[in-house]
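Welcome! Please take a look at the sequence and the structure below, and then we can walk through them together.

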Amino acid sequence: MLIARRAAMVGVAMTYATIMTYVDWERNCAHRTKVAVELAVRFDAALIGVAAGVSGQMPVMPGQIPVTGSLDREAVSLVTHLAEAKSAFLRVTGALPHVHWRESLDFPTETLLREARAADLIVIGRDSTVPASAWPLDVGRFILQAGRPIFLVPPEIEEVRTRRI
């Protein structure tokens, strides 16, 4: 906070070295990824895409790993969805020089909270529709627990029209 105040007093803008965004395969989140790409370009920052998911049928608590062979079909489906999310993320990021991808077979909120340590700014969105997933990203909980600056992108916004972030 003191650094930000001093930077504002001398006219120096704050910068971000690493920006992270959550990629949800169940919704079209290309708009959010475009905002994250725009911010990464603006700050000459690395961009990290994160996706996570747990099948709605898996009888586990956060942090536990399911130990049953009957979930193979659902696990394959989940891995396929994560691969699709990665592909969609990489399509939008294009030729951005420092792009990284992280995924996890875990609850989205817990995964993003863990991964948030690697970012200076996290770009997430809140969709007004009812989530299709049994375990969507809990945006409110994430904001309260992240300990990092959050850029919350409204649905369908594809560009940032502000001079300061």
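This is a predicted model: local features need pLDDT of at least 70, side-chain atom pairs count only at pLDDT 80 or more; totals for chains, interfaces and linings use all residues.

## Order of the elements

## Contacts and surface

How much of the chain is buried? Of the 165 residues in the protein chain, 38% are buried. The protein chain also exposes about 9800 Å², with 55% of that area coming from carbon and sulfur atoms.

Contacts reach across the sequence, too. If you take the contacts between residues at least 6 apart in sequence, 79% of them join residues at least 24 apart.

## The largest nonpolar core

In soluble globular proteins, nonpolar side chains tend to be buried together. Here, the largest nonpolar core contains 22 residues, and I19, L39, L47 and V123 have the most contacts inside it. At least two residues of this core come from each of α2 (30-43), β2 (46-52), α3 (72-93) and β4 (121-125). The largest share belongs to α2, which provides six residues.

Leaving aside residues up to four places away in sequence, I19 touches A36, L39, A40, F43, A45, A46, L47, I48, L121 and V123.

## Another core

Methods
Residues are numbered from 1 along each chain as its sequence is written. Side-chain values use heavy atoms; hydrogens and water are left out. Buried means under 20% relative accessible area, exposed over 50%, partly exposed in between (1.4 Å probe, protein chains only). Contact means heavy atoms within 4.5 Å. Accessible areas come from the Shrake-Rupley method with a 1.4 Å probe; for residues, only the protein chains shown count as cover. A nonpolar core is a set of buried Ala, Val, Leu, Ile, Met, Phe, Trp, Tyr and Cys residues joined through side-chain atoms within 4.5 Å. Helices (H or I, at least four residues) and strands (E, at least two) are DSSP runs, numbered from the N terminus.
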